[in-house]
Structure formats: structure tokens, C-alpha cells
Amino acid sequence: MFVHCIDYGRIHVCDKFQHQFLIHISLMLKALNITKSYNGKMALKDVSFEVSKGEIFCLLGQNGAGKTTTINIFLGFIKKDGGKAFVADKEVGKDDTNQLTAYIPETVQLYGNLSGVENLDFFSRLAGFEYTMAKLEAFLSKTGLQEDAQHKRLSSYSKGMRQKVGIAIALAKNAEVIFMDEPTSGLDPKATAEFTKICKELADMGKVIFMATHDIFNAVELGNTIGIMKEGVLAQKLKASEIDANELKQLYLETI
Ligand SMILES: Nc1ncnc2c1ncn2[C@@H]1O[C@H](COP(=O)(O)OP(=O)(O)OP(=O)(O)O)[C@@H](O)[C@H]1O
């Protein structure tokens, strides 16, 4: 584990202890009978699932099925009405889970007048981490962001490049679980392929990726586990290795 910490550069002492402890934990996400209503209308009904270290969980479902609500509860952005949500050994809403998680929304919000490396530096400091320029550049290179782009202003970045900075922020924060909400929406096929490759590398490093997506083909290619939500219920949960894209599409259409 110590090697793991060195690999990510400077980490606070308390985080070192936390991460040393985490290596022994393989269950990284647990949803236990989560319920949530908005204005009396149920958005999540008894949602339960588990996600292990190094797993990529792709959550499919129609608009309004409850995917974003699930993510927002784990990130602590909204409160659930019932049930429990755990990130590693920490309970969302009771313990501090912020340091363990990172979030890549559909469009990563960054400062347009700062460069990629400056944005990464700013958000790393906000999370309590201070890195050398070489280390910041290394995080960005790991995501595939080309060196000549790293010092250019964000306002000149494509959507795919912004997402790479978002992933670099997650790496710099040493988040164990990365939540993504429709990250490949609007990306061209090459950018989607690059994004898929980075996600697989993150999972190989032991990170958990929990992704809401409408992209059935990408879910099969990328995910280890695929969930299908329908009207706030996790109606299907399958192993990606046991289904191909056409079968998943068929099952999806039968489920929703
Ligand atoms: N802030 C809110 N106030 C009221 N209702 C909400 C709010 N956020 C979500 N909802 C409702 O909760 C349900 C689940 O929405 P959610 O955004 O989680 O779905 P989703 O699966 O992420 O959809 P999409 O694919 O469109 O992003 C929907 O009926 C939605 O209208």
C-alpha cells in the first residue's frame, strides 16, 4: 500500500492511514434498500446493490429512471429518505466520504481562463493536496491529455479534453470511487474509445467506476456489471461477460 501512496505523490498522513486500511476492503459501494421521493413521487424504490474494488458498474435506464438520483445520494449531494449507502467502510451522511469519491458529470465544469494544469492544481489544493508541476503534468499525461495542451486555456478544450482533466482531478485526489454521469454523451467515437481505455486503466488500478449511461454498446464493452433501472427500481443486474450488445439491447427494451 505504501507503494500505492508514493505512486500518487503527496498524500496527507491521515489519508495514508485511510488508504492503508482501504486495501483490505474489497466492497467499495453498498446500497441497502435506498428510497427517495421528490414532492411525494418515488424516484428510488428499495435500491440495493454492491460494487467491489476494480469493478466498473454501468447503470442504464430511461430518462427519469433514477440513475442520477442514485449517484447524487452516494455523493452526498442529496439526502435519501430511507435505506443506507456506504462507500468502503463509511456510511454516506454519517461519515466523511468526500475524500473517497470523485465525480465526472456529463460536462466537467472547470475554469475556462485557467490552463488544464492550473485547473488541476486548483482543484487538488481544494481537496487538500499540493503537487509539484511535474506531478500535475504526470496526472494529466496519465489520462492521455497531450503535453502541448496541458498549459493551454480550458476555454480552448474539447469536451473529451475537459473530461481528461476531470479524471486527472480524481486521480490527484486519490479517489477510490469515481462516479460518472453520461460521460460519453456527445463524444465522438475516437474520444469515446480513449475514454473507455482510461476507465479500464483506472479499474485495473483498483478504482471503482460507477457510471450512468444511455450507451448500451459502451456499457457492454466497458462494464463488468450492468444494471438496468426502471421507474426507480434496479430491475436487472447482469455480468457484462455473459451478454453481448444485441442481447443487452433486447433485454433493455423488454425491461424498460
Ligand atoms: N430535483 C428534483 N426535483 C423533483 N424531481 C426530481 C428532481 N430530480 C429528479 N427528479 C425526478 O426523479 C426521477 C428520477 O430522476 P433522475 O434524474 O434520477 O433520472 P435519470 O435516470 O438520471 O434520468 P436521465 O437519464 O434523464 O438523466 C424523475 O422522475 C425526475 O423527474
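A residue is called buried here if 20 or more other C-beta atoms lie within 10 Å of its own, exposed if 12 or fewer, and partly exposed in between, with C-beta atoms placed from the backbone. The views below come from a predicted model, in which local features need pLDDT of at least 70, side-chain atom pairs count only at pLDDT 80 or more, and totals for chains, interfaces and linings use all residues. Residues are numbered from 1 along each chain as its sequence is written.

**View 1. G166, a buried glycine in helix 7.** Helices (H or I, at least four residues) and strands (E, at least two) are DSSP runs, numbered from the N terminus. G166 is found in helix 7 and counts as buried because 25 other C-beta atoms lie within 10 Å. Beyond its neighbours within four places in sequence, G166 is in contact (C-beta atoms, placed from the backbone, within 7 Å) with I104 and V108. Look also for Q109: 57 residues separate Q109 from G166 in sequence, yet their C-alpha atoms are 8.5 Å apart.

**View 2. Helix 7 beside helix 8.** Helix 7 and helix 8 (residues 189-204) pack at about 10°, their axes 10 Å apart; axes are lines fitted to C-alpha atoms, for helices over the stretch in contact, and angles run from 0 to 180 degrees between N-to-C directions. The pair is therefore roughly parallel (under 35 degrees; over 145 is roughly antiparallel, 65 to 115 roughly perpendicular, and the rest oblique). On the helix 7 side are G160, Q163 and I167, which meet A191, E194, F195 and I198 of helix 8. This contact has four nonpolar, two polar and one charged residues, where Ala, Val, Leu, Ile, Met, Phe, Trp, Tyr, Cys and Pro count as nonpolar, Asp, Glu, Lys and Arg as charged, and the others, Gly among them, as polar.

**View 3. The shell around the ligand.** Helix 3 (residues 67-74) gives the most, with three residues. By class, the shell has four nonpolar, seven polar and one charged residues.

View 4. Most residues other than glycine have a negative phi. N174 is buried, with 24 other C-beta atoms within 10 Å. E231 is partly exposed, with 15 C-beta neighbours inside 10 Å.

Technical notes:
A residue is near a molecule or strand if its C-beta atom, placed from the backbone, lies within 6 Å of it. Two residues are in contact if their C-beta atoms, placed from the backbone, lie within 7 Å.
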